[in-house]
Amino acid sequence: MTQVPLRHGVFLAPFHAMDENPTACLDRDLELMEWLDRLGFHEAWIGEHHSAGWEIISSPELFIAVAAERTKSIRFGTGVISLPYHNPLMVANRIIQLDHHTRGRVMFGAGPGLLASDALMLGIDPSTQRDRMAEALDVIVRLFKGEYVTEKTDWYTLVNARAHIPPYTKPHPEIAVASAVTPSGGRLAGKYGFSMICVAATNPFGYDALAANWQIANELAAEQGRKMDPANLRLVGPMH
């Protein structure tokens, strides 16, 4: 059996009481990043939310840019960017710029968007989000590789689009997809060779799906002539 070294990180939604001062909350989150860096944590994943009140980081890229200036070695991931809410060219350019700002300490985590209330505020049918995530992710990978993309869908149009600058990390930053209960994340991970973030690993439903989703990823990777790397499998559970 392959031995995989255990690494530690945090997945910061974050959760804050709605009667707290949001400025103080954000400062406390940034201070936590500094402590994690000093204590030798390997990485921190920062979420994107736009409703519900207690998850107050709407741009993980902005938060990571500030946190990177206050830390030395910890890596930061977007956990996750909700791709149906953004034009894929904009996402690619922001991640590439952040890759340069952090000197390669950024990881690109992508998902369909968790909260239906986020999607509804944007006039997006939640039932379309997983398909739109897959569409956007395919385009972003091509942009990371320096390709020109012309594509028209029912929610974005790209005309001879190309990333503004190449990534700092070669060939591009690590890409990870969120995986909870459904097999969609495992399918994308296997198809492209992405990392997986199992965000519900200690939830009974998510725990029961871990083996099945990992198997799906491995089967699809084998069809592409690749092997999934267990070192790129991340399991998320609450801690106090």
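The structure is a predicted model, in which local features need pLDDT of at least 70, side-chain atom pairs count only at pLDDT 80 or more, and totals for chains, interfaces and linings use all residues. Residues are numbered from 1 along each chain as its sequence is written, and side-chain values use heavy atoms, with hydrogens and water left out. Helices (H or I, at least four residues) and strands (E, at least two) are DSSP runs, numbered from the N terminus.

**Salt bridges**

- A salt bridge is a side-chain nitrogen of Lys or Arg within 4 Å of a carboxyl oxygen of Asp or Glu. By this rule there are nine salt bridges.
- One of them links E61 and R94, whose closest N and O atoms are 2.9 Å apart. E61 belongs to helix α2 (residues 60-70) and R94 to helix α3 (residues 88-101), so this pair ties together parts that are 33 residues apart in sequence.
- E61 is buried, at 10% relative accessible area, while R94 is partly exposed at 31%.
- D138 and R142 form another salt bridge, with 3.6 Å between the closest N and O atoms. These two residues are four apart in helix α5 (residues 129-144), which means that about one helical turn separates them.
- D138 is partly exposed, with 27% relative accessibility. R142 is also partly exposed, with 22%.
- R142 has a salt bridge to E147 as well, at 3.5 Å from N to O. E147 is partly exposed, its relative accessible area being 34%.

**Surface residues**

- F15, M18 and W54 make a nonpolar surface patch of about 380 Å². Patches are made of residues with over 30% relative accessible area and no salt bridge; like charges are joined within 9 Å, and nonpolar side chains (Val, Leu, Ile, Met, Phe, Trp, Tyr) within 5 Å. The areas come from the Shrake-Rupley method with a 1.4 Å probe, and for residues only the protein chains shown count as cover.
- M18 sits in the loop between β1 (9-12) and α1 (22-39). Its relative accessible area of 58% makes M18 exposed.
- L6 is in the segment before β1, and L6 is exposed at 70% relative accessible area. From L6 to M121 the distance is 40 Å, C-alpha to C-alpha, and the two are 115 residues apart in sequence.

**Backbone geometry**

- A13 and P14 are joined by a cis peptide bond with omega of about -15 degrees. P14 is in the loop between β1 and α1.
- G79 and V80 are also joined by a cis peptide bond, with omega near 0 degrees. V80 is in the loop between β3 (75-78) and β4 (81-82).
- A52 is not a glycine, yet its phi is positive, near 80 degrees. This residue is in the loop between β2 (43-46) and α2, and A52 is partly exposed at 33% relative accessible area.
- N160, also not a glycine, has a positive phi of about 50 degrees. N160 is in strand β7 (residues 157-161).

**Empty spaces**

- Rolling a probe the size of a water molecule over the atoms shows where empty space is left.
- On a 1 Å grid over the protein atoms alone, a cavity is a set of points where a 1.4 Å probe fits but cannot get out, and a pocket is an open set with protein on both sides within 12 Å along at least five of seven lines; lining residues have an atom within 4 Å of a point. Grid points are joined across faces, edges and corners, and a volume is the space filled by probe spheres set on the points.
- The second largest pocket holds about 170 Å³ of space. Its lining includes V141, K145, H172, E174 and Y192.
- That pocket lining has four nonpolar, four polar and two charged residues. Ala, Val, Leu, Ile, Met, Phe, Trp, Tyr, Cys and Pro count as nonpolar, Asp, Glu, Lys and Arg as charged, and the others, Gly among them, as polar.
- The whole structure has one cavity of 30 Å³ or more. P112, R130, M133, A178, S184, G185 and L188 line the largest cavity.
- Helix α6 (184-192) and helix α5 each supply at least two residues of the largest cavity's lining, and α6 gives the largest share, three residues.

Note on methods: Buried means under 20% relative accessible area, exposed over 50%, partly exposed in between (1.4 Å probe, protein chains only).
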